[in-house]
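Reader: I am new to protein structures and would like to learn how to read one. Could you take me through this one?

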Amino acid sequence: MTQASEINPVRRARLLFVGLTAALLLIFVLSLLAGRYPSPGLLSLEQVQNDQMAHNIVFRMRLPRALLAVAVGMSLAAAGTVMQMIFGNPLVDPGFLGVSQGAAFGAGLSIVFFGSSPWMIQASAAFFACLGLVISYFVAWKIRYGSWVLRLILAGICVSAIFTSLLGITKYAADPTTQLAELTFWLLGGLSAITWQEVKIVVPLVLLCLVGLLLFRWRLNILALKDSTAFSLGVSTTRERAFILALAVIATAAVTAVSGLIAWVGLIMPHLARRLFGADARFALPGSMLLGALSVLICDSLSRVPFAAEIPLGIVTSLFGALFFMVLMMSGSVGVKK
Amino acid sequence: MSEAILEFNRLNFAYQKGSPLVLEGFSMQIDRGGVVAVLGPNGTGKTTMLMLALGWLSPDAGQVKLLGRPLDAYSRRELGQIASLVPQFEPTFFDFSLLDFALLGRAPYLGSFSMPSAEDYDIARQALTKVGMAEKATRSVMNISGGEHQLVLLARSLAQQTELLLLDEPTSHLDIKNKSRLLAILRELVAEGKTIIFTTHEPDVAAMIATSVVMVKGGRVLHAGPVAEVMTGANLTEIYDTRIEAGEYASRQVFFWD
């Protein structure tokens, strides 16, 4: 017996999902066809079939890149939603808990001291991203006052600051003609170097994490409540939060390791998703993932199609992200209670 | 009726090692179907008692037993099916609809990867109807008054369908009409065989519904027992440091204070 009052939001959400999925598929195909070969614009299907060069560009370069853009968008947006809910703070993003800064330091360390093979940079970035989480967790565990959430936030701030300083030292030690440029490019974020190799490593891992998060999505609503309340509802708060956070951070670390730092997606998409789907994570989480995929795919196309020289993706997401967030805030609440 | 649902056996509790004990050697038995009011000045450990009963806080010494079994012998999920909490206020940062919020009370019955069923929705909707908030089911939990918020928290607890309900100052934000509604709901719950423990600053409310009273002050339980014995002007004067006199009006206990 389901009444109109609650079937409507569900039906609305379903319609939105269908619409967003269709938009994602359309943009995906367009992003495969859009580019600067042989001239700026869209390739025709005929060209893709008959022109070997066009065929190679689409299937060897643009397809893995578009797939990874989807993975990056989905991971960052999902991690953002999860972290905002778990920390009961709509202004948190996946970079919290030292994850982004850990990845940045890891990449810097590898570029400057261990050689700059992509494999090494990715491994080092992923390792330090996870290390950021582990240290934040450990420090939060040891802090003797405040709620669990406050302790994690405080610990995350400190760990991020330490990694930022270490990254500064690394930059200082870098060779300014070669290493510093490479490091800066990595920090700006981008998908220009993506091949099937990266897709094969990152996508399965990301899929595993995202499926885990999706299965857990109703439960997220409870983890957004106060610790004692969540406890009273039969939830093992610490264990379940740790599990969900681990999935979110592994997905973030995996994509960040290959894409560099992509800002704003993880902060804004959860807000937009809540605006469209409501706060219930059953709909807001998958909604946020679709929006994340869509936005990164669009930004990545914008970063490579209009200009002869590619603009790093992180710059495009920051520019549009910040502008969009301002509009979002001015047009209504972002979920922050006065 | 005399079966104990909750037993506190010689509890000692302090918030931090070395700090003064909030409870010392506290023992009490709460029978099934009873309504226990916990009274005391601000900051004296009333909420602490609820949290100990819930298992959120663990005593430094002694034991809390629920239905004859120590609390730590239960899984979280089992506990969530037996005891529910109605906090005084709960900050929410995301604008859940009231129905989605009440639905969270179904959590102890759902697996980690489960989604609420149509039956869960029905139970949540009934709970909202019971507290008189059904018409506002699609409203955001961030856009309701303090009193309505308290009723929605109660609805979530009702949706949890527990035998024991722990309420932290449940009438603190309610107007008289809603207070009366709340008391009616609590009476109904007691008639269904449920047990209620609530903290309050209102002796009148306690006298209207409680079967037993616990009076705490300075972290100690000063008086505990049946309402008729414990709810006296002298005892209230002692715990609140304010002259309070008990009287009767229309066969109801009323309290006067300077």
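Reader: What percentage of the 338 residues of chain A count as buried?

Author: First, a word on the source: this is a predicted model, where local features need pLDDT of at least 70, side-chain atom pairs count only at pLDDT 80 or more, and totals for chains, interfaces and linings use all residues. Residues are numbered from 1 along each chain as its sequence is written, while chains are lettered from A and ligands numbered from 1 in the order in which they are written. A residue is buried if 20 or more other C-beta atoms (placed from the backbone) lie within 10 Å of its own, exposed if 12 or fewer do, and partly exposed in between. By that rule, the buried share of the 338 residues of chain A is 50%.

Reader: How many helices and strands does chain A have?

Author: Helices (H or I, at least four residues) and strands (E, at least two) are DSSP runs, numbered from the N terminus. Counted that way, chain A has 14 helices and 2 strands.

Reader: What is the radius of gyration of chain A?

Author: The radius of gyration is taken over C-alpha atoms, and the globule rule is 2.2 Å times the number of residues to the power 0.38. For 338 residues that rule gives 20 Å, and chain A is close to it, so chain A is as compact as a globular protein of that length. The C-alpha trace of chain A spans about 65 × 55 × 35 Å along its principal axes. The radius of gyration of chain A is 20 Å.

Reader: Is A:A34 buried, exposed or partly exposed?

Author: You will find A:A34 in strand β1 (residues 34–35) of chain A. Two residues are in contact if their C-beta atoms, placed from the backbone, lie within 7 Å; leaving aside neighbours within four places in sequence, A:A34 is in contact with A:L42, A:S301 and A:V305. Because A:A34 has 18 C-beta neighbours inside 10 Å, its class is partly exposed.

Reader: How are α4(A) and α7(A) directed relative to each other?

Author: Axes are lines fitted to C-alpha atoms, for helices over the stretch in contact, and angles run from 0 to 180 degrees between N-to-C directions. The axes of α4 (residues 99–113) and α7 (residues 179–188) of chain A come within 10 Å and cross at roughly 155 degrees. Angles under 35 degrees count as roughly parallel, over 145 as roughly antiparallel, 65 to 115 as roughly perpendicular and the rest as oblique. Therefore α4(A) and α7(A) are roughly antiparallel.

Reader: Which residues of α4(A) and α7(A) make the contact?

Author: The residues of this contact divide into 7 nonpolar, 2 polar and 1 charged. Here Ala, Val, Leu, Ile, Met, Phe, Trp, Tyr, Cys and Pro count as nonpolar, Asp, Glu, Lys and Arg as charged, and the others, Gly among them, as polar. From α7(A) come A:Q179, A:E182, A:L183, A:W186 and A:L187, and from α4(A) come A:A104, A:A107, A:G108, A:I111 and A:V112.

Reader: How many helices and strands are in chain B?

Author: Let us turn to the other chain. Of the 258 residues in chain B, 44% are buried. The C-alpha atoms of chain B fill a box of roughly 50 × 45 × 35 Å along the principal axes. Its secondary structure comes to 9 helices and 12 strands.

Reader: Which element gives the most to the side of chain B that touches chain A?

Author: The contact takes 33 residues from chain B and 32 residues from chain A. Elements of chain B that each supply at least two residues to this side include α1 (46–54), α2 (76–82) and β6 (83–86). By class, the side of chain B that touches chain A has 20 nonpolar, 7 polar and 6 charged residues. With 5 residues, the element that gives the most is α2(B).

Reader: How many of the 9 residues of α1(B) are buried?

Author: The buried residues of α1(B) include B:K46, B:T48 and B:M49. Just after α1(B), B:G55 takes a positive phi of about 95 degrees. The helix α1(B) is largely enclosed by the rest of the structure, because its buried residues number 8 of the 9.

Reader: Is B:F101 buried or exposed?

Author: B:F101 lies in helix α3 of chain B. Not counting residues up to four places away in sequence, B:F101 touches B:F96, B:V141, B:V152 and B:R156. With 30 other C-beta atoms within 10 Å, B:F101 is buried.
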